[in-house]
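Trainee: I'm new to this one. Could you walk me through it?

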Amino acid sequence: MFKQATLMFLYTETSLHAGSGTSLGVVDLPIQREKYTDLPVIQASGIKGAVREWFEFKFTGNADNRKIELAFGPDKIGSEESGFAAAVTFTDARILLFPIRSLKGIFAYCTSPTVLERFRRDAQIAGVALDWTVPTPSNDQTVLGVESGSDVAAGGQVLLEEYAFGFRGNDKVTAIANWLSQHAVPAGSEYAFWKSKITKSLLVLPDNAFRDFVKLSTEVQARIKIDNDKRTVVKGGLFYEEALPPDSLLYSVVLAHDPVKDNRTELADAAAVLTFLRGIDGQRLQLGGDATIGRGIVSVRFYSQQEEQSEQQKEGQGNG
């Protein structure tokens with residue numbers, strides 16, 4: 001059973017193709033999706049492998065290699081006795097924000113009540129207390145945005161792709177936008193613009209509309225295979241590949257327990273495992289396929305309880 005947990009956010013900086021294999025549909029190579037919701041997801045095995053690869057590339061000393069082995073499990077199992085379980089567990093990364101083209105403000109960060117409620121449930125698993133609640137649009141033709149200063153609404157409407165929705169400002173959306181800006185978007189100075197944009201561009205869509213957008217508004221690119229000798233397209237070499245767009249935000253719950261090996265001086269317990277994993281906080285890694293054409297670059301941010309407490313103290317001093 002795990003003893004420590006936290007949230008890890010993944011912000012896509014380039015399009016991301018976490019593939020699910022071939023398909024008989026229009027898209028030959030679709031992305032991974034949940035079976036019962038059709039929402040995009042990145043399977044935990046891919047996340048664990050990418051994070052391990054980052055640590056193996058970053059650290060090469062014997063002590064660091066031992067930490068990697070204790071945290072992620074042995075790279076190779078020579079015998080039954082040499083194998084042991086990893087001390088860290090990643091859940092599938094779920095979509096939290098999905099960017100949708102907007103007539104005003106370029107694009108909007110979009111989510112839905114079901115997505116936010118699942119995030120609240122997962123945050124509870126991670127021991128993260130949220131000080132906001134989830135609003136629900138009154139009907140399928142209305143979206144909720146920040147209470148004031150929205151940069152994607154005009155005249156009481158928003159236009160997403162070619163679909164028009166009524167717009168209502170809501171203080172709960174403002175609270176969610178502020179929390180995501182402070183705790184989920186990467187903290188680097190290069191993200192100052194995006195942290196500000198979330199506080200102006202966040203929209204809570206009706207669940208049905210959000211599901212349709214994440215199903216029909218992903219990137220689908222036509223690719224071809226070239227015959228190197230003839231310099232022409234190989235017969236049957238045209239295929240379509242789907243990807244999550246840049247500026248999508250996903251999250252995974254990271255769980256840790258004490259390493260199972262008796263000899264674990266490098267990582268004594270679950271707290272040490274999470275501290276070690278936080279070495280990737282604020283860094284970039286590559287997820288999914290097509291790494292050689294620049295896909296799958298994501299920025300990683302871990303939720304920080306200390307940052308939360310620091311902000312609460314500042315607010316308390318300000319009120320005082």
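Trainee: Which residues do ring pairs link into a cluster?
Mentor: Before we start, this is a predicted model, where local features need pLDDT of at least 70, side-chain atom pairs count only at pLDDT 80 or more, and totals for chains, interfaces and linings use all residues. Residues are numbered from 1 along each chain as its sequence is written, and side-chain values use heavy atoms, with hydrogens and water left out. Rings of Phe, Tyr and Trp (its six-membered ring) pair if their centres lie within 6.5 Å; planes under 30 degrees apart are stacked, over 60 edge-to-face, and the rest tilted. Pairs of this kind join up a cluster of Phe9, Phe119, Trp132, Trp179, Tyr251 and Tyr303.

Trainee: How many aromatic pairs does that rule give?
Mentor: Going by that rule, the count is 19.

Trainee: Why is the pair of Phe9 and Phe119 called tilted?
Mentor: Look at the ring centres first: those of Phe9 and Phe119 are 6.1 Å apart. Their planes meet at 50°, so the pair is tilted.

Trainee: How many residues apart in sequence are the parts that this pair ties together?
Mentor: Helices (H or I, at least four residues) and strands (E, at least two) are DSSP runs, numbered from the N terminus. Phe9 sits in strand β1 (residues 4–12) and Phe119 in helix α3 (residues 113–125). So the parts tied together are apart in sequence by 110 residues.

Trainee: Is Phe9 buried or exposed?
Mentor: Buried means under 20% relative accessible area, exposed over 50%, and partly exposed in between (1.4 Å probe, protein chains only). With a relative accessible area of 1%, Phe9 is buried.

Trainee: Which residues touch the most other members of the largest nonpolar core?
Mentor: A nonpolar core is a set of buried Ala, Val, Leu, Ile, Met, Phe, Trp, Tyr and Cys residues joined through side-chain atoms within 4.5 Å. The largest one has 89 residues, and strand β12 (residues 249–256) gives it its largest share, seven residues. Touching the most other members are Leu7, Phe9, Leu96, Leu160, Leu203, Leu205 and Leu277.

Trainee: Leaving aside neighbours within four places in sequence, which residues is Leu277 in contact with?
Mentor: Contact means heavy atoms within 4.5 Å. Setting those neighbours aside, Leu277 is in contact with Val51, Phe55, Phe72, Val88, Val254 and Phe302.

Trainee: And Thr111, buried or exposed?
Mentor: Thr111 belongs to strand β5 (residues 107–111). Its relative accessibility is 0%, so Thr111 counts as buried.
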